[in-house]
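Here is a note for a colleague who is meeting this structure for the first time. Please keep the model open while reading the points.

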Amino acid sequence: MAAAGDSAKQPLLPRAHPPHVASASSPALPSVPPGSAGRRFPGGLDVPNLKKRGGGTRSWIRVEAATASVQTLEIDKATMMRRCELPARDLRLLDPLFVYPSTVLGRERAIVVNLEQIRCVITADEVLLLNSLDSYVLQYAAELQRRLLQRAEGDELPFEFRALELALEAACSFLDAQAAELEIEAYPLLDELTSKISTLNLERVRRLKSRLVALTRRVQKVRDEIEQLMDDDGDMAEMYLTEKKLRMESSVFGDQSLLGYNSAGAAGTSASAPVSPVSSPTESRKLEKAFSLCRSRHDSVKSSDNTTTEHIEELEMLLEAYFVVIDSTLNKLTSLKEYIDDTEDFINIQLDNVRNQLIQFELLLTTATFVVAIFGVVAGVFGMNFESTVFKIHNAFSWVLIITGVVGAFIFFSFLWFFKYKRLMPL
């Protein structure tokens with residue numbers, strides 16, 4: 001038994017494998033390079049690098065509300081989630097590796113904005129803008145800093161609404177500029193196509209229409225997002241981050257004062273003489289005061305929530321202003337699409353007209369061929385070598401040709417009369 005125990009404690013030696021011998025039935029395996037031992041599939045995806053790209057640090061432009069200072073930070077996704085108290089699915093909307101439609105989300109302590117090139121997280125104290133080489137991103141940070149430094153005296157718009165307004169302005173101006181550029185390019189091209197139908201012009205119009213459909217889809221998404229926010233009072237109330245921050249600070253201050261009041265009462269009780277049954281009503285009165293303080297604070301928070309719900313007209317007016325702008329852009333694109341559809345209908349009518357003329361010309365050629373075939377039949381009959389009394393009539397061949405010509409001419413002009421006056425085939 002002892003020997004068995006000692007043998008169990010000894011480390012197991014690796015089992016020696018016999019060397020692989022190449023044979024006709026078992027060909028030699030290719031040798032694995034020493035540097036590629038970790039890659040099991042040479043032609044597959046590099047999953048560890050993708051994980052690093054998805055969860056690594058990203059460059060953010062931070063604009064502070066109090067000092068209007070702009071600085072660049074390197075923050076990873078986990079730190080960003082803890083800092084703004086956002087779930088990973090909300091930050092995924094801002095990831096440039098994914099393509100998501102325009103979205104504006106109101107959360108407890110932040111507003112997630114994904115509007116065209118502007119991808120940022122807005123809080124009550126700062127704006128964290130995803131850094132990019134796009135000029136609209138840099139212009140957004142510079143313009144927000146300028147507006148914070150040049151804030152008017154009577155302007156009481158909260159910081160989060162200023163940042164949101166600038167993001168909406170940047171997105172609407174960008175889309176409107178693209179729509180205007182598309183209009184300038186489209187109308188001359190469509191006029192040229194109506195005057196000259198060619199393969200090159202048709203291909204240019206096809207590419208133009210593809211761009212128009214893509215731009216219309218983006219504009220429609222921004223419009224629907226703004227309209228959805230205006231229709232939901234709860235979503236608009238969630239965006240009042242400054243008021244929620246002030247309510248939270250006042251609630252924390254009330255809790256601290258309540259704890260100080262209770263600790264002072266407990267210290268006074270412990271420093272005094274032992275409590276007798278006569279002094280118990282005093283403790284109950286203190287407890288009632290504490291409950292009444294909590295109840296009053298709860299009522300104040302509830303009333304502030306109602307006030308926020310009642311005073312969302314400020315945000316609603318801001319959204320409505322940019323809803324009008326983006327709706328005007330959508331109307332431009334809709335008018336342009338209708339003009340393209342009208343041009344396509346006009347081109348189809350022209351092509352149908354040409355097709356009908358070709359069909360009519362084909363029928364005329366068929367009629368003429370039939371008339372000529374009659375003369376060929378007559379000539380073939382008179383060219384046959386057989387006896388007939390018709391051949392003995394004087395000038396019989398001439399009379400037959402004259403009759404055949406009259407019949408052929410009658411058939412040909414009858415077709416023309418039917419085509420032109422009876423409108424059997426539109427010209």
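The points below take up the basis of the model, then the sheet and its helices, then the salt bridges.

1. This is a predicted model, in which local features need pLDDT of at least 70 and side-chain atom pairs count only at pLDDT 80 or more, while totals for chains, interfaces and linings use all residues. Residues are numbered from 1 along each chain as its sequence is written, and side-chain values use heavy atoms, with hydrogens and water left out.

2. An open sheet of 6 strands runs in the order β2-β1-β6-β5-β4-β3 with antiparallel pairing, where strands (E, at least two residues) and helices (H or I, at least four residues) are DSSP runs numbered from the N terminus, and two strands pair if DSSP finds at least two bridges between them. Because β2 (70-75) and β3 each have a single partner strand, they stand at the edges, and one side of each is left without a neighbour in the sheet.

3. Strand β1 (residues 58-64) pairs with β2 in the antiparallel sense over 6 bridges, and S59 stands opposite E74 in β2.

4. Helix α5 (residues 135-149) lies across β1, β2, β5 (118-122) and β6 (126-130), at about 20° to β1, whereas α6 lies across β1, β3, β4, β5 and β6, at about 10° to β4.

5. A search of the whole structure finds 25 salt bridges, each being a side-chain nitrogen of Lys or Arg within 4 Å of a carboxyl oxygen of Asp or Glu. One of them joins D90 and R107, with the closest N and O atoms 2.8 Å apart; D90 is in helix α4 (residues 88-92) and R107 in the loop between β3 (103-106) and β4 (111-115), 17 residues apart. D90 counts as buried at 3% relative accessibility, but R107 counts as partly exposed at 27%, where buried means under 20% relative accessible area, exposed over 50% and partly exposed in between (1.4 Å probe, protein chains only).

6. K209 also forms a salt bridge, with E344, at 3.2 Å between the closest N and O atoms. Because K209 lies in helix α7 and E344 in helix α11 (residues 313-382), the pair ties together parts that are 135 residues apart in sequence. K209 is partly exposed, at 27%, and E344 is partly exposed, at 30%.

Key:
Contact means heavy atoms within 4.5 Å. Axes are lines fitted to C-alpha atoms, for helices over the stretch in contact, and angles run from 0 to 180 degrees between N-to-C directions.
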